[in-house]
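I set out to record a few local features of one protein. My notes follow the order in which I looked them up.

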Amino acid sequence: MFANISRALIPNTNKCLAVIRSKHTLPDLPYDYNALEPVISAEIMQLHHQKHHATYVNNLNVAEEKILEAKQRGSVTDQIALAPALKFNGGGHINHSIFWTVLCKNGTSEPEGELAEAIKRDFGTYQRMVDMLVAASTGIQGSGWGWLGYNKAMNKLEIAACPNQDPLQATTGLHPLFGIDVWEHAYYLQYKSARADYVKNIFKIANWRRVEELFGKARYD
């Protein structure tokens with residue numbers, strides 16, 4: 001899913017070290033395209049995964065190849081010029097790779113264990129956390145993501161909104177736990193301009209067991 005980078009000695013006239021990088025790949029969904037119906041239609045899921053996420057992956061690979069070429073040329077200017085493409089497409093890949101896993105057929109019961117305790121501590125109730133995340137996600141101007149994230153330094157859950165495909169951790173320091181994609185391609189074919197309905201309904205298919213795993217990793221890794 002995410003590329004690995006290694007160094008190996010490549011035989012050539014200069015006996016120099018070269019970088020061997022495997023490419024990022026589109027992850028398989030952990031369910032069928034129709035599994036999230038009626039909240040998200042199979043048509044949207046297929047287009048979202050096969051077209052949009054795949055495009056981020058492909059463009060990320062292209063950006064990284066160009067950055068590597070710029071490094072080999074010693075061109076800092078070209079590397080800086082490619083930073084927006086890396087951020088946008090890398091963020092798109094990271095965000096969607098999380099998004100697919102925190103949803104599941106029919107959803108799960110509400111958060112349990114340490115995550116439930118943290119939600120109660122930081123928001124008062126589960127429903128208040130949901131309401132705050134709905135408001136943050138619905139209120140994004142244009143495209144972006146609403147997130148439940150974990151501030152490790154403060155040991156605190158927080159709600160955040162990120163524009164475009166900005167990755168949560170890289171831009172805010174929060175560890176991503178549960179994200180809501182509010183780009184129109186995530187809902188428009190089914191919900192049209194009713195973004196708020198889509199955002200509210202997504203909690204019906206939330207996979208809180210997976211979110212609990214992400215919370216544990218963020219706290220203890």
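Entry 1: I began with a polar contact of 3.2 Å, which joins the side chains of H96 and D181. I use the term for a pair of N or O atoms within 3.5 Å; within protein, one must be able to donate a hydrogen and the other to accept it, and residues adjacent in sequence count only if both atoms are side-chain atoms. I note that this is a predicted model, in which local features need pLDDT of at least 70 and side-chain atom pairs count only at pLDDT 80 or more, while totals for chains, interfaces and linings use all residues. Residues are numbered from 1 along each chain as its sequence is written, and side-chain values use heavy atoms, with hydrogens and water left out.

I placed H96 in helix α3; helices (H or I, at least four residues) and strands (E, at least two) are DSSP runs, numbered from the N terminus. Is H96 buried or exposed? H96 is buried, because its relative accessible area is 0%; buried means under 20%, exposed over 50%, and partly exposed in between, with a 1.4 Å probe and protein chains only. Leaving aside neighbours within four places in sequence, I found H96 in contact (heavy atoms within 4.5 Å) with H48, H53, Y56, W145, Q165, D181 and H185.

**Entry 2: an isoleucine.** I next turned to I119, which sits in helix α4, residues 113-123. I119 counts as buried because its relative accessibility is 2%. Not counting residues up to four places away in sequence, I119 touches P111, G124, T125, Y126, M129 and L157. I also checked I119 against D131: they are 12 residues apart in sequence and 13 Å apart in space, C-alpha to C-alpha.

**Entry 3: cysteines.** How many disulfides are there? I counted zero, taking a disulfide as a pair of cysteine sulfur atoms within 2.5 Å. C104 is buried, with a relative accessible area of 14%, and C162 is buried at 2%.

**Entry 4: the lining of a pocket.** I then asked which element gives the largest share of the lining of the largest pocket. That element is α3, with five residues. I sorted the lining into 10 nonpolar, five polar and two charged residues. Here Ala, Val, Leu, Ile, Met, Phe, Trp, Tyr, Cys and Pro count as nonpolar, Asp, Glu, Lys and Arg as charged, and the others, Gly among them, as polar.
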